[in-house]
Amino acid sequence: MNSKLKRVGVHLPKVLLPKSDVEYTKWATIACDQFTSDKKYWDSVNEYVNTSPSALKVTLPEIYLKDDVEKRISDINSEMERYIKEGVLFEACEAPVYIERETSSGIRRGLLVLLDLEMYDFNENSISSIRATEGTILSRIPPRVAIRKDALLELPHIMVLIDDPEKKVIEPIGGKKAELRPLYDFDLMEGGGHISGFAVENEKIIDDIANALIKLDDAVFQRRKYRISEDNGAMTFAVGDGNHSLATAKTVWDSVKEDIPTGLWDTCPQRYAMVEINNLHDESLIFEPIHRVIMGVEPEEFMRDFSAWAKGQVMNDFDPQTFICVYKGGEIKVTVPHAPHSLPVGTLQGYLDDYIQRTGAEIDYIHDDDALRELAQADCAVGFLLPPIPKDDFFRSILLNGPLPRKTFSMGHARDKRYYLEARKIK
């Protein structure tokens with residue numbers, strides 16, 4: 001184990017992969033929190049997988065959470081045990097895995113590792129080195145805990161971001177692919193693109209990764225870069241996708257460790273979570289804004305309330321922010337001269353949460369500009385078109401304000417999300 005990696009909370013995973021006679025395209029399936037209202041998608045996946053070994057059979061897509069969940073979890077645990085007992089999965093390496101994934105916006109490069117859950121805190125006031133990017137909805141954790149607590153295996157769909165504009169951590173590995181041992185290379189199902197993985201077993205490459213991460217982790221470096229104080233702490237990893245899955249792993253570990261002597265914590269597999277690290281500045285990572293539409297309002301009356309609130313913000317430190325408001329009567333811009341949050345989405349969500357509490361209005365979250373404009377033409381609706389989050393402001397905003405408001409951004413389209421592919425034993 002590279003001791004430098006351990007300093008930043010990174011450990012080497014014992015990666016399990018399907019044996020060579022398993023059809024990898026049928027094995028790898030998309031993250032459980034995608035296509036949650038699209039039964040046709042999951043019907044198609046089930047029909048395609050059929051009787052083949054598949055990650056589909058050892059994970060629980062959220063579309064099925066209203067089914068007999070206890071039976072599904074029992075079936076998942078039985079299937080996990082069968083895959084190990086019958087040798088469907090084997091230990092492919094004990095090393096990071098360099099990943100190249102074809103997406104709709106280009107080739108995304110990633111590094112599969114373990115993160116130390118002792119260095120992660122998803123709470124709002126966290127100053128840990130691994131932090132949530134969006135507010136954690138605590139009610140979403142118990143169903144996931146029920147799945148994980150007795151599971152033999154972990155299959156990750158968590159994507160964790162680093163802020164590495166100089167591209168010193170992940171990108172150099174791609175230039176050394178000829179030195180790495182190939183692990184897999186195949187097309188993902190349902191339009192997911194192509195994916196390749198390589199075992200990073202070269203000690204010099206691992207040491208280079210560690211040195212680059214240590215530089216990003218340095219608290220003095222971060223205070224200078226992000227213009228923050230010592231009170232903000234230092235953050236090296238920000239959860240991009242899978243906030244609630246990582247929070248679940250943390251919750252299970254916090255429960256498990258109570259019955260384990262502290263001297264044995266290091267060797268307990270549940271102390272760690274397997275994740276894919278991605279560079280925030282990878283050109284293929286597109287941060288799409290998630291717009292808001294408020295419903296059950298009289299648009300003119302609502303706009304008067306919002307405009308008055310915007311003008312009343314006078315005691316805040318952030319720069320002016322302008323919002324594009326769309327409704328049946330037209331489209332106007334409202335400026336908040338002294339914003340209470342460093343990002344427009346934070347400023348707006350604070351106002352909307354208060355307004356909904358006062359009036360009982362409803363809110364929805366919309367990805368597409370045209371869809372937002374269409375919904376805002378209803379008689380009792382007002383839509384807000386939000387700008388993308390600038391990548392240079394992403395880490396600084398979390399360090400200053402804590403987790404971003406829920407539904408702040410989406411990292412690419414649904415089919416670009418991480419697929420379940422690699423596994424590891426957690427018991």
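Good morning, everyone. The model is predicted, so local features need pLDDT of at least 70, side-chain atom pairs count only at pLDDT 80 or more, and totals for chains, interfaces and linings use all residues. Residues are numbered from 1 along each chain as its sequence is written, and side-chain values use heavy atoms, with hydrogens and water left out.

I begin with strand β17, residues 321-327. Strands are DSSP runs of E with at least two residues, helices are runs of H or I with at least four, and both are numbered from the N terminus. Is β17 largely enclosed or largely open? Five of its seven residues are buried, so β17 is largely enclosed by the rest of the structure. Buried means under 20% relative accessible area, exposed means over 50%, and partly exposed lies in between, with a 1.4 Å probe and protein chains only.

Which strands pair with β17? Two strands pair if DSSP finds at least two bridges between them. Strand β18, residues 330-336, pairs with β17 in the antiparallel sense over seven bridges. Here F323 stands opposite V334 in β18, and two residues lie between β17 and β18 in the hairpin that they form. Strand β20, residues 381-385, also pairs with β17 in the antiparallel sense, over three bridges, and I324 stands opposite L385 in β20. In a regular strand the side chains alternate between the two faces of the sheet.

I turn now to salt bridges. A salt bridge is a side-chain nitrogen of Lys or Arg within 4 Å of a carboxyl oxygen of Asp or Glu. How many are there by this rule? The count comes to 33 salt bridges.

One of them joins the side chains of E283 and K167, at 2.4 Å from N to O. This pair links distant parts of the chain, 116 residues apart: E283 is in the loop between β14 (272-279) and β15 (287-289), and K167 is in the loop between β10 (159-162) and α6 (171-174). E283 is exposed, with a relative accessible area of 57%, while K167 is partly exposed, at 25%.

Other pairs lie within a helix. D208 and K204 form a salt bridge whose closest N and O atoms are 2.9 Å apart. These two residues are four residues apart in helix α7 (residues 203-217), so about one helical turn separates D208 and K204. D208 is partly exposed at 26%, whereas K204 is exposed at 52%.

In helix α9 (residues 243-256), D254 and K250 are likewise four residues apart, about one turn of the helix. Their side chains meet in a salt bridge of 3.7 Å, N to O. D254 counts as partly exposed, at 27% relative accessibility, but K250 is buried, with a relative accessible area of 10%. Elsewhere, salt bridges that share partners join K6, D116, D266 and R271 into one network.

Finally, I come to two further places. D369 is in helix α12 (residues 369-375) and is partly exposed, with a relative accessible area of 40%. P182 is in strand β11 (residues 181-187) and is exposed, with a relative accessible area of 58%. The C-alpha atoms of P182 and A199 are separated by 6.4 Å, although these residues are 17 residues apart along the chain.

Thank you for your attention.
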